[in-house]
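User: I'm new to reading protein models. Could you walk me through pockets and helix packing in this one?

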Amino acid sequence: MPVTADYHLHSSFSGDSDTPMEEMVLAGIRKGLTQMCFTEHQDFDYPVSEETPEGFFDLNPDSYLYEFLKCREKYADKITLCFGVELGLQPQLSRKNAAFSKAHEYDFIIASSHLCNGKDPYYPAFYEGRPQEEAYREYFESILENLKVFGNFDVYGHLDYVVRYGPQKDNGYSYEQYRDILDKILIKLIQDGKGLELNTGGLLHGLREANPCTAILRRYKELGGEIITTGSDAHTPEHIASGFDRAAEMLTDCGFRYYCTFERRTASFHKI
């Protein structure tokens, strides 16, 4: 396996996973990973519903850190474990997210857009009553707004996450359709020294490509971007490192020769 670090993982410390952290670690070891980074969810002000009660995506970082340190010590001779978080960004939360990200010494922070103007693209209501293209464009525009007001992160996660759940998913979707806004996003990331995540979770949702699509990855490289992490977005053991062989092919096809890992917020480059 050319990529042996999974840098997007969730355990029972995330609201949408029931898997104990140790089970995730053991599965990663069995699959031949050399590094795993847990990136538990923190999404302030996530809408309350029957499926997501109040505080559903609020992380208890102290409990998380306690269990993480136990696992890291127990399996230190078998795998490198890193302490990360996935911050759900919204422009009005920039100060709250900044305070949260500074409260603990994370190895790695993913910035993600799970909500767009208060709505989650996971749900059909986000797309109802308008063309899919309009919904996708609103989502990308919200990412640029997030980047203008928050910068304490290392990579932006699953940049075109919205295409996982649209009525037609990635059918008819292309980088070229949204080039004007996507280029602004990529240029801003590069100017600020931020990376891009290649998230293979989209493949499990029936997409033709990972998130983001190959054309976005290629454009990031053309514009001078070099910082790429790989993550499965696994919430259960069987999905750890899923699609990583394909991820390696995507990266090399786009001209990347290295992928990154992070410790203490510092990137290391590894040959693919």
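Predicted model: local features only at pLDDT ≥ 70, side-chain atom pairs only at ≥ 80, totals over all residues.

User: What is the volume of the largest pocket, and which classes of residue make up its lining?

Analyst: Its volume is about 530 Å³. The lining of this pocket splits into 9 nonpolar, 11 polar and 7 charged residues.

User: And which residues lie nearest the centre of the second largest pocket?

Analyst: Those are Arg72, Phe83, Glu105, Asp107 and Arg264, out of 15 lining residues. The space in this second largest pocket comes to about 310 Å³. Helix H2 (61-74) and strand S3 (80-88) each give at least two residues to its lining. By class, that lining has 7 nonpolar, 2 polar and 6 charged residues.

User: Now helices. How do I read a packed pair?

Analyst: You describe two packed helices by the angle between their axes and the distance between those axes. Here, take H4 (residues 132-149) and H5 (residues 179-191): their axes come within 10 Å and cross at roughly 25 degrees. Angles under 35 degrees count as roughly parallel, so H4 and H5 are roughly parallel to each other. Their crossing is left-handed.

User: Which residues make the contact?

Analyst: From H4, they include Phe140, Ile143, Leu144 and Leu147. H5 brings, among them, Ile181, Leu182, Ile185 and Leu189. Charged residues join in too, including Arg137 of H4 and Asp180 of H5. Overall, the contact of H4 with H5 has 8 nonpolar, no polar and 6 charged residues.

Notes. Residues numbered from 1 in each chain as written. Heavy atoms only, no water. 1 Å grid on protein atoms, 1.4 Å probe; cavity = no way out; pocket = protein on both sides within 12 Å on 5 of 7 lines; lining within 4 Å. Points joined across faces, edges and corners; volume = space filled by probe spheres on them. Helix = DSSP H or I, 4+ residues; strand = E, 2+ residues; numbered from the N terminus. Axes fitted to C-alpha atoms, helices over the stretch in contact; angles between N-to-C directions. Parallel < 35°, antiparallel > 145°, perpendicular 65-115°, else oblique. Left-handed = near helix turned anticlockwise from the far one by under 90°. Contact = heavy atoms within 4.5 Å.
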